[in-house]
Amino acid sequence: MKKSIGILMVLVILCTGFIAPASRTITGKVTYAKDGSALPGVTVILKGTTTAVVTDHSGIYTITVPSSGGTLVFSFIGYKSKEVKIGVSNTINVVLAEDAQELKEVVVTGKHHRYKQDKRAAPAKVMTESVADYNMAYAPQPEQEEQWNTEEYDAINENIFHDALRNPLSTFSIDVDAASYSNVRRFINNGSRPPKDAVRIEELVNYFDYDYSQPKNDDPFAVITEISAAPWNTNHKLVHIGLQGKKIPTENLPASNLVFLIDVSGSMNEANKLPLLKSSLKMLVEELRPQDHVAIVVYAGAAGLVLEPTSGADKKRISEALDRLEAGGSTAGGAGINLAYATAKQYFKQGGNNRVILATDGDFNIGESSNAAMERLIEEKRKDGIFLTVLGYGMGNYKDSKMETLADKGNGNYAYIDNITEARKVLVNEFGGTLFTIAKDVKLQIEFNPTKVKAYRLIGYENRMLKSEDFNNDKKDAGELGSGHTVTALYEIIPVGVESEFFKIDELKYQTTKIDPSAKKSDELMTIKLRYKKPDEDVSKLIVHPLKDNNIALAKTSDNFRWSASVAAFGMLLRESEYIKKFTYDDVVQLAQGSRGEDKEGYRIEFINMVKSFGLVASR
């Protein structure tokens, strides 16, 4: 009997060993045919199924398929799709070539931008390998009827050249937001040209980190400056001003009192809204320490507290509370904001990081909902020493103007989350910069030397301009700088003695402007003044930084200088700026490729590939 059982067990083991696995894992890399560079963001779909993944910043993908095999479809906007039959090998590397198919035209009417989606870029309902790897994927779809949207963007009137003699001061608030860049990327990846007013050039430039040196004194940030020829107009000069926030190690950051304010209204019931939102916040929860606490407030037709303040040590409880959230109902954004700030105030941590994190598509429709009403509400709430982070999600009804207003007026920052990779960038890779303010109300005022500068214009920052007298007014709100954050601003200037088609003003008849004799003797081009406050103080401190022109050739400038110029040029092209002259998308790519520098996370190669693909179809 024992012998029979033994034989049976051997047979079972042998048979089990010969059972074919139900699935297998395929990995590989997707590259660009022209130069072999990696292609991030390429959708890889198992044909005939809903299984899909997206290549990472190195062009790498991993997908689980049935053991019987199948066919993988590789697709990316601006490139020819490719189908590859799965064979014996578990490694499939693919090379994609450019596709000359044109992007469809964008129609702009006032503040509401309507666009047609390219049929190749219609969103497919796909499930990725895991929630942690969730990303928006796009697959070929049948021709659809024209789709319109009600997205809203505040109008932007591009900064012009100003006379350095009659208007020598330029004053503005810093802007650490990067929402415009990821939103522009979403439009381009969806086969549409971004509306002009969705393109805020300073946010494109500030999406990227720069290799600035850390501050060496007691100030919370260092000031870095550089000047050379403007790449798009070599008769003009380009001034690069960089701020590097002091990086504070995570273990040394103050304890956090966070309130997640989550929109669970009916408009959030889409894959790229509430499901992506919950996955994003779960990643943030994983970064929290035991001394950090999180409460959760939700709002739809009304607002409610669904999780009392909970220690970051109890990650399971916080994640389970997020999992239980479902979308439905109208959107009482004002009521949600009131409850979230009341909760943050009730559990206020003296000397800590007190912050509301608002996650929404911005489509408020009951109660206080207008931009003006929301602005007044958030201005009142910021007086309690509570900061704000706004995370935007979704498309079609996205209210960018409202989100930007909330962040600007609420001592906060604003990011647009178009996929889980962006969520990881904002909430994990830039954890300190996003959530921990080291300086508030940061303003710059530049005084130009009229004996050296004929005219100047600030590139971007149109909605951050301040009056000259606002610089010394400590009651005037301005932008915040987070731990380790970088901020970059660019000025295009016309030197004295240079004739330019963009600046022609007649001499005054009834008055003259006297120049101090010391200005002619000085070799300074300008003086940069900065004011900032510590997060818990109300009196500003002053930093003064003069700048001289050492006539550095463009090719000899830093990667920081040339990279920021390439991104600004791309923004100017998207906005169809008159100042870009004959600079092309190819010129942007060439400038960016030569200044990519160290690119650990792959954000810069993603930009280069995006400009390549968009430039290809835009130039046809």
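The model is predicted: local features need pLDDT of at least 70, side-chain atom pairs count only at pLDDT 80 or more, and totals for chains, interfaces and linings use all residues. Residues are numbered from 1 along each chain as its sequence is written, and side-chain values use heavy atoms, with hydrogens and water left out.

View 1. Helices (H or I, at least four residues) and strands (E, at least two) are DSSP runs, numbered from the N terminus.

**View 2. Five strands form an open sheet in the order 11-22-24-14-13.** The pairing is antiparallel; two strands pair if DSSP finds at least two bridges between them. Strand 11 (162–163) and strand 13 (221–230) are the edges, each pairing on one side only. Strand 13 and strand 14 (residues 233–245) are joined in the antiparallel sense by 10 bridges, and Ala-222 stands opposite Gln-244 in strand 14.

**View 3. Tyr-456 and Tyr-491 form an aromatic pair.** Rings of Phe, Tyr and Trp (its six-membered ring) pair if their centres lie within 6.5 Å; planes under 30 degrees apart count as stacked, over 60 as edge-to-face and the rest as tilted. By this rule the count comes to 25 aromatic pairs. In Tyr-398 and Tyr-416 the ring centres are 4.9 Å apart and the planes at 65 degrees, so this pair is edge-to-face. For Tyr-456 and Tyr-491 the centres are 6.3 Å apart and the planes at 65 degrees, so this pair is also edge-to-face. Tyr-456 is in strand 22 (residues 453–459) and Tyr-491 in strand 24 (residues 486–495), so the pair ties together parts that are 35 residues apart in sequence. Tyr-456 and Tyr-491 are both buried (under 20% relative accessible area, with exposed over 50% and partly exposed in between; 1.4 Å probe, protein chains only).

**View 4. Strand 5 (residues 71–75) pairs with strand 2 and with strand 6.** Four of the five residues of strand 5 are buried. Strand 2 (residues 43–46) pairs with strand 5 in the antiparallel sense over four bridges, and Val-44 stands opposite Phe-74. Strand 6 (residues 82–85) also pairs with strand 5 in the antiparallel sense over four bridges, with Val-73 opposite Glu-83.
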